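Subject: Structure handover

Hello,

Here is the structure you are taking over. Please open it first, then read the notes below with it on screen.

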Amino acid sequence: MEKFTQLRGVAAPLDMVNIDTDLIIPKQHLKTIERTGLGKFLLDELRYNEDGSEKEDFVLNQPAYRDAKILVAGDNFGCGSSREHAPWAIEDFGIRCVISTSFADIFYNNCFKNGILPIVVSPEDLENLMDDAGRGSNAILTIDLEAQEITGPDGGTVKFDIDPFRKHCLVNGLDDIGLTMEKVDKISDFEDRRAQSQPWL
Amino acid sequence: MTQPRTLFQKIWDSHLIDTQDDGACLIYIDRHLVHEVTSPQAFEGLRLSGRKVRHPERTLAVPDHNVPTKDREKGIEEDIARIQVETLDKNVAEFGVPYFPMDDIRQGVVHIIGPEQGFTLPGMTIVCGDSHTATHGAFGSLAMGIGTSEVEHVLATQTLIQAVPKTMRITVEGELAPGIESKDLVLAIIGQIGTAGGTGYVIEYAGEAIRKLSMEGRMTVCNMTIEGGARAGLIAPDETTFEYVKGRPMSPKAGAFEQAVEYWKTLASDEGATYDKEVTIDASQIGPYVTWGTSPEEVGPVSGIVPDPADFADQGKEAKYQRSLEYMDLKAGMKITDIPIDRAFVGSCTNGRIEDMRSAAAIAKGRKVADRVSAMIVPGSGLVKEQAEQEGLDKIFIEAGFEWRDAGCSMCLAMNADRLAPGERCASTSNRNFEGRQGRGGRTHLMSPAMAVAAAIAGHIVDVRDLDQEN
């Protein structure tokens, strides 16, 4: 997994609440057996007309936001299904940080497995960041994960919290499975004990 | 004296392998369900890193999302969908994972077949790359949806890295009125706590109304826990649970079963155990519930009206509700029962079990689907279908004008050919009314099986208890 330390880029505003995983990546794109190539389908039904042409007024189709690296979105982002295609599409588009007041649990978890940093901020901070993100090509935010800090275009800063283990994995680009494999003896011991105490399993 | 513990804490403690200094916990996973949509990249990951499946025998795979619900012998028409199912066929063969292929009578929606086979048991940790894994919590197990990276993690290690969630107890006091189903109850719960109300929590459902539910009813409630934001919802196992589990193909056999029951009886939350949050609901006040918007929390009693978004400005929901009404093509103030429907769908992991089929058939019997409506019944598994046919339910449905299909996820998420056309409006027993969920531009109203059948017959949303006054 790609390391995440600092990120500087355009932040796109998506001022809607409850952006669900069906909106982020609709089901017709879940039939792939690959992880890559989903970026062009990100937010498909908001981004394209039925004939496949772009909806000009949608934020990610506007020239200033086509290369956005950060998304600023309303409450309860990523609710709904467990599809990891949602963070895959976000990452494939080039976005590596999503800022909201809250995230659905499974989506939040899935982000970290793909080098994406989901940041939870207060409603007041989100309002300010949404304003910052509205400045087109001047909507530049800097995310410093090690310092746990967002810096806006005017130099104002917002601090954020993050679970220390998740931060550690993201900053170092660590693979969870490799980490768990180091504990294989503990897993085997656990299995032996359970075979005794709950033989029906 | 030990501290009183909740059902969740007991399961968590008994599965905890390791806790790191930074708080990350490694927990053991007893059962892993796998389907074709969220697994290909996980198996590919194993292949690339030269890893094996640690415990194939604790894993069970089935194709369900893409499978056709009619003319199945012809196979899957769409290339990309067929390739996804064929990829699962190959992966389970290569990694030695037990499998119910598309033509096996035991095939069905992954969350229907786990309980049906006795693969799902009380006190377990159960995961699947699917958010409706919460269903299995009905047995008093910790069951949750995971992403594909975690699917790979479980395949390789039979464990998951987790942070300790918070706990919420939802106590449903009193009794549900006659004709009111578990679907109405869970929609009412989501209406109360909101679609993000359970975020960060594991929910335990308790109280008289929950105790009186059948296992099928409990599964419907736990299934929709994720629509209230919580990854897992569980119910303490009791005699109803043990009776359901007994004698199933993968359940413990005689001798071991009794030993297991003794253990399962110890799982209920201790007197005095505390929760981070408590919610109480009065069951007797719940009537049939129907969603009017594009989030499961946008829901109300069938006797009500479509709300005015302006009334919700102080909750910051005005813009969302406005967008919902535009998408759903509804006007504030109109009666819910004045909403006409074009399609009806009974099925899914929420309402595709035998009891749902019976409930739907009881309303369909001797009646006819309205001319304007196209309606289908999709049993949750091949075995549910077989049982329904043994009970003659298929004949009732067909005589009433419903299509009687084969098992699969079908129009719950419309990955196969079953989907709404743009603008079509559906009375649906599924779990999500998101924009485009049942087909781009399609409009979904969530409700119980009895209510969906009643709507199909009346041609519009109706209180199932008033159906006879309609005709």
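Predicted model: local features only at pLDDT ≥ 70, side-chain atom pairs only at ≥ 80, totals over all residues.

In chain B, B:Asp18 stands opposite B:Leu26, a residue of strand E2(B).

**Where the two chains touch**

The contact between the chains involves 57 residues from chain B and 43 residues from chain A. On the chain B side, the elements that give two or more residues include the strands E1, E2 and E7 and the helices H2 (40–49), H3 (79–95) and H10 (256–264). The largest share on that side is six residues, and this comes from H5(B). By type, the chain B side divides into 22 nonpolar, 24 polar and 11 charged residues.

**Chain B as a whole**

Chain B contains 17 helices and 18 strands. Its radius of gyration is 22 Å, close to the 23 Å that the globule rule gives for 471 residues, so chain B is as compact as a globular protein of that length. The C-alpha trace of chain B spans about 60 × 55 × 45 Å along its principal axes. Of its 471 residues, 61% are buried. Among contacts in chain B with a separation of 6 or more, 77% are between residues 24 or more positions apart.

**The core**

In soluble globular proteins, nonpolar side chains tend to be buried together. Here, the largest nonpolar core has 208 residues. Which residues have the most contacts inside it? They are B:Ala344, B:Val453, B:Ala455 and B:Ala456. Helix H16 of chain B, residues 449–458, gives the most to this core, with nine residues. For a closer look, take B:Ala455: leaving aside neighbours within four places in sequence, B:Ala455 is in contact with B:Ile341, B:Ala344, B:Ala427, B:His460, B:Ile461 and B:Val462.

**A covered strand**

In a regular strand the side chains alternate between the two faces of the sheet. Strand E18 of chain B, residues 443–446, is covered on both faces. B:Arg443 and B:His445 lie on one side, B:Thr444 and B:Leu446 on the other, and all are buried. Strand E17(B), residues 425–428, runs parallel to E18(B) and is joined to it by four bridges. In this pair, B:Ser428 stands opposite B:Leu446.

**Chain A**

Chain A has eight helices and seven strands. Its C-alpha trace spans about 65 × 40 × 25 Å along the principal axes. Of the 201 residues in chain A, 46% count as buried. Residues 24 or more positions apart make up 68% of the chain A contacts with a separation of 6 or more.

Regards

Methods. Residues numbered from 1 in each chain as written. Chains lettered and ligands numbered in written order. Rg over C-alpha atoms; globule rule 2.2 N^0.38 Å. Buried ≥ 20, exposed ≤ 12 C-beta atoms within 10 Å, placed from the backbone. Contact = placed C-beta atoms within 7 Å. Pairing = 2+ DSSP bridges. Core = buried A, V, L, I, M, F, W, Y, C linked by C-beta atoms within 7 Å. Nonpolar A, V, L, I, M, F, W, Y, C, P; charged D, E, K, R; others polar.
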